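User: I'm new to this structure and would like a close look at one part of it: the contacts between side chains. Could you take me through the charged pairs and then the ring pairs, explaining terms as you go?

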Amino acid sequence: MVSLIEQTPAEQRSQFLPLADQLLTLAKSLPPGYNYAQSRALIATAIAYNQLNQASTPLLEQANQTLVGIAIPSLKAETQWQLAEAWFAIGQKSRGQASLAAATATLKTLSPQSSPLNSQLPEQLVDSYLRRGQWSQAETAARSIPIQTQQSEQLFLIASAYLRAKQVKPALTLFDQTITQLLKAPDFAQSNKALIATEGIISFAQAGGVTTATKAMKQLPSQKPALRARAWLAIAGEARQQKRPKEAALALEQLITVGKIGQKQGFDSGFGTLGDIEWSGSLYALSRSQGYAPEMLQFIERLNLKTQATEFLITEAVQAKRYDEALRLIPKPMPLVIDVGVFEVGDSWRWWVASVAAQEGQLQPLIALSEDVLPKVGTSEPRQLSPWNIPNTLYISPSSSNSPPYFLIDIPPAPSLPEDTAIQAINLLQQQGQTELAGRLGTALADQAEELLNHQPTLKLSAEQHPLLWVHNLERYLRLQQQTLTADRLYVLQVNYLKQIEDLEQRAALIPFTSRLDDPREAIADLIKLAEVVGVADQTQTAKQIFKAAVLSSQMDIMTQWQPLAKFSPREQVELMLQAARGVAVLEKKIVHYDHILKLMQSEPQNGLLMNNYELNSMIESYLFKGQTHKIKQVISLIDNSSEARRYQERLNCLTLVLP
């Protein structure tokens, strides 16, 4: 509720006041023993009231009294922290400080075995102090954490915060104490303590403590070369960025040295492979996020890893807008080795480089790729073609220099078909004014469509789709791209193909349709028009398709118009309505579908049209959110399972305390 209020314009927020009132009444009605739930509800309501310009202080005072009875210390500390943040939110700083102190005191009572301590509470508590510049209190809170790894993580963060605030002495003292304490642990090398120490060193170097981080690295055991490489990469990169060339050079040499150790060990899964999380996966991510590319490139060069690091080098060239170099780096072939086999992915990388270059105004890579793919259009096996690879709007998510092709280790990559590349290229070419080349690609695709329908109509495409749907989607796409003559040619092709089917029921079943998120009504109108042109608008099969399309896109007037001819049973209509409701995020639209379902349930109560508890819950909760308890009662009265009906009725009885 609080997040909903925040996202709503100020002038419209008053609609949430009744809901906040209901939450408050529910919170107050909870019996003894529900202190945690009651405190959380009171705090949430207070925050909502504050956003709605209502008095919230009394609720927080009541929450402060209620949380005393929370029996589990970790939950109590969590609630005290939430109370503190609520006090700060309404401007009550002294009370906020008192609640933070109480949370810290509760944290001290916990043991390492305290069970929900794996939550984010330690980090949240420390962060609350750091945001307010209360370093010593943050340190006290961190030292109250009973689990050493969590405590060390927070102490490293505080040390880095000290350093960023130019408080050098306490920063160095705290960092040295924390790293020394970790190193004393007998299980340091075999546990995640080595990772905690490494990340602490990186954080301190990034805060400006390159010299101290370098000294700390020399103390760490050498059993974890991948972790050491990660830390030396950060230190080298930070030293360069902080204009400390001698320290940068030293750290770079250390990075190369530890890299050679990893190389002798085979880099675990093999450098650069999808399964290499510890080496390339870790180093690439750190380099890209923090600007350590010069050091990473030196690492690759000096360890002769150019072949294994091809993807990283291509990406770096693209980010530097050296597109010709990026294309030269793509090998032929470019195999991807994953758990389920070896796959060629060079075309995916070439398309990515060309598309990024085109968006930056450098068209030659896109033009060259389009000319190369043009004679290949029509060579793919029909079973590889997918109608869903043809966009149904003008918007195609643009490639980004930060988003190279992405593959999963256990799923084969989709083949890079020349037809799909041509479809994508048309969009970019049109945007860049290259209409002649875009038109030639469109014509080549239309030629393939004609070949499919005239000579191979019995072949199935990907996912057993009929070629007609691919032709239909292509026609609509080319029309959006202003290739009107080619689109008209494809429309006539569809009409002629359908008209030659003598069986009207079979003809109606083949009418192609794909909805449009940007304009579902126009998509349905096109469906109706095509059905009229080929003489099947009066067929039940056509009406069913139109009715279904209208339901799933929430076009209820069209649904009502075609309902009689569609002849869907009440149960079939309910299934369609539920499917539509699941796909709708706007509550008002969900309610429209649920209202129709309720009418269907009432028309045939003996058939038990709703049996799924999940769907029932969703329906009832939607009505509950809108305060429509009379509809909830109607739903409950129609549930044929007496025990389920009784459960929902008991829940509703509890809520009648607060709902109209």
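Analyst: Here is a walk through those contacts, starting with the charged pairs.

A word on the ground rules: this is a predicted model, in which local features need pLDDT of at least 70 and side-chain atom pairs count only at pLDDT 80 or more, while totals for chains, interfaces and linings use all residues. Residues are numbered from 1 along each chain as its sequence is written, and side-chain values use heavy atoms, with hydrogens and water left out.

Side chains of opposite charge can pair when their charged atoms come close. The structure holds 27 salt bridges (a side-chain nitrogen of Lys or Arg within 4 Å of a carboxyl oxygen of Asp or Glu). Take Glu61 and Arg95, whose side chains meet with 3.0 Å from N to O. This pair links distant parts of the chain: Glu61 belongs to helix α4 (residues 57-66) and Arg95 to helix α6 (residues 93-108), 34 residues apart. Helices here are DSSP runs (H or I, at least four residues), numbered from the N terminus. Glu61 is partly exposed, at 33% relative accessible area, and Arg95 is partly exposed too, at 31%. For such labels, buried means under 20% relative accessible area, exposed means over 50%, and partly exposed lies in between, with a 1.4 Å probe and protein chains only.

Arg131 is partly exposed with a relative accessible area of 47%, and Asp127 is partly exposed with 35%.

Next come Glu295 and Arg240, whose closest N and O atoms are 2.5 Å apart. Here again distant parts of the chain are linked: Glu295 lies in helix α16 (residues 293-302) and Arg240 in helix α13, 55 residues apart. Glu295 is buried at 6% relative accessible area, whereas Arg240 is partly exposed at 33%. Returning to Arg131 and Asp127, salt bridges with shared partners join them with Glu85 and Arg132 into one network.

Now to the rings. A search of the whole structure finds 11 aromatic pairs. The ring centres of Trp135 and Tyr162 are 5.6 Å apart and their planes stand at 35°, so this pair is tilted. Rings of Phe, Tyr and Trp (its six-membered ring) pair if their centres lie within 6.5 Å; planes under 30 degrees apart are stacked, those over 60 edge-to-face, and the rest tilted. Trp135 is in helix α8 (residues 135-143) and Tyr162 in helix α9 (residues 148-164), so placed that 27 residues separate these distant parts of the chain. Trp135 and Tyr162 are both buried.

Phe271 and Tyr284 make an edge-to-face pair, with 5.9 Å from centre to centre and 90° between the planes. Phe271 lies in the loop between α14 (245-264) and α15 (277-290), while Tyr284 is in helix α15 itself, 13 residues apart. Both Phe271 and Tyr284 are buried. They also belong to a cluster in which ring pairs link Phe267, Phe271, Trp279, Tyr284, Phe299 and Phe312.

Key. Helix = DSSP H or I, 4+ residues; strand = E, 2+ residues; numbered from the N terminus.
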